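Please read this report on one protein chain with its structure open beside you.

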Amino acid sequence: MNKTKYGVIALSGIMLLSSCGMNNTAKGGLIAGGGGAALGALVGNIIGKSAGHESRGTIIGTAVGAAVGTTAGVLIGRKMDKAKAAAEAVNNAQVESVTDANGLSAVKVTFDSGILFSTGNYSLSSTAKNNLSDFTNNVLKAYPDCDVAIQGYTDNAGWKNSTQEQSVQKNLTLSQNRADAVKSYLLSQGASTSQIKSSTGFGESDPVADNSTAAGKAQNRRVEVYLYASEAMIKAAEAGTLQ
């Protein structure tokens, strides 16, 4: 593919990402019609780079390796709209639409660490367990053809008697433990082991708020859960059988 074509696809991806007023169904049709998985891989890289991690965008979603047709994209977008609505009904969850590595609609659910964990800890509170149980029963079980990726984060607070480098590593381990704690609890509530594709800790990287304030630190201590179209969902959409 020449540079001109790459530029057109990149521009299409950027225009798509800025279409905030569109629901997943409309986006699904535009993305699929614009090049399917090929466009999606590039959009995934754009997402990753904008967050400071070139690989993050591309790890959300499976690499199907085939173009997704316009009709299939609309069907998948419609299904993800329903999953998003179900997630929005879960207490203490912030929900938004994103684009996965295939250029298809995905749903990002953020759980704050202040709700899920105490500072420096990865044990789930009773409130967190209730919220995650609700999430499992009303979202994961209701939409088993959505795959899941879990990402854990921390603020940049240092650890006692540790150098900055040691604190960064400890925060990375803490974020991994938090992601794994969420995964383990979702599985204990009946989520399928085949549905949860990954749980990854990113430590204090990719802050979403100012770490110089207590409020900002609280926002950065978080767990993100991504729902995206499984390969089975994509195949069903292509066959016209996705409900």
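Two strands pair if DSSP finds at least two bridges between them. Helices (H or I, at least four residues) and strands (E, at least two) are DSSP runs, numbered from the N terminus. With that in hand, take β3 and β5: seven bridges join them, and the two strands run antiparallel.

First, some ground rules. This is a predicted model, in which local features need pLDDT of at least 70, side-chain atom pairs count only at pLDDT 80 or more, and totals for chains, interfaces and linings use all residues. Residues are numbered from 1 along each chain as its sequence is written, and side-chain values use heavy atoms, with hydrogens and water left out.

## The sheet

The chain has ten helices and five strands. An open sheet of five strands has the order β1-β2-β5-β3-β4. Its pairing is mixed. Which strands are at the edges? They are β1 (94–99) and β4, each of which pairs on one side only. From one strand to the next, the twist averages 20 degrees. Axes are lines fitted to C-alpha atoms, for helices over the stretch in contact, and angles run from 0 to 180 degrees between N-to-C directions.

Now look at the pairings. β2 and β5 are antiparallel, with seven bridges. Here Phe111 has Val223 of β5 as its bridge partner. β3 and β4 run parallel and are joined by five bridges. Val148 has its bridge partner, Ile196, in β4.

How many residues of strand β5 are buried? Eight of its eight residues are, so to speak, under cover by the cut-off used here: buried means under 20% relative accessible area, exposed over 50%, and partly exposed in between (1.4 Å probe, protein chains only). β5 covers residues 222–229. Over the chain of 243 residues, 46% count as buried.

Contact means heavy atoms within 4.5 Å.

The buried residues of α5 include Ala72, Leu75, Ile76, Lys79, Met80 and Ala83. An α-helix has 3.6 residues a turn, so residues three or four places apart point the same way.

Contacts also reach along the chain. Of those with a separation of 6 or more, 75% come from residues 24 or more positions apart.

## Rings that meet

A search of the whole structure finds two aromatic pairs. Rings of Phe, Tyr and Trp (its six-membered ring) pair if their centres lie within 6.5 Å; planes under 30 degrees apart count as stacked, over 60 as edge-to-face and the rest as tilted.

| Pair | Centre to centre | Angle between planes | Type |
|---|---|---|---|
| Phe111 and Phe135 | 5.7 Å | 85 degrees | edge-to-face |
| Tyr153 and Phe202 | 5.5 Å | 15 degrees | stacked |

Phe111 lies in strand β2 (residues 105–112) and Phe135 in helix α7 (residues 126–140), so this pair ties together parts that are 24 residues apart in sequence. Phe111 is buried at 1% relative accessibility. Phe135 is buried too, at 0%.

Tyr153 and Phe202 sit in loops. Tyr153 is between β3 (146–152) and α8 (164–188), and Phe202 is between β4 (196–201) and α9 (214–220), so the pair ties together parts that are 49 residues apart in sequence. Tyr153 is buried at 0% relative accessibility. Phe202 is buried at 15%.

What sits over the ring of Tyr153? The charged end of Arg222 does, 4.0 Å from the ring centre. A charge sits over a ring if NZ of Lys or CZ of Arg is within 6 Å of the ring centre and within 35 degrees of the ring normal.

## Two loop residues

Asn92 lies in the loop between α5 and β1. Its phi is positive, about 60 degrees, although Asn92 is not a glycine. Asn92 is partly exposed, with a relative accessible area of 38%.

Asn161 lies in the loop between β3 and α8. Asn161 is not a glycine, yet has a positive phi of about 60 degrees. Is Asn161 buried or exposed? Asn161 is exposed, at 74% relative accessible area.
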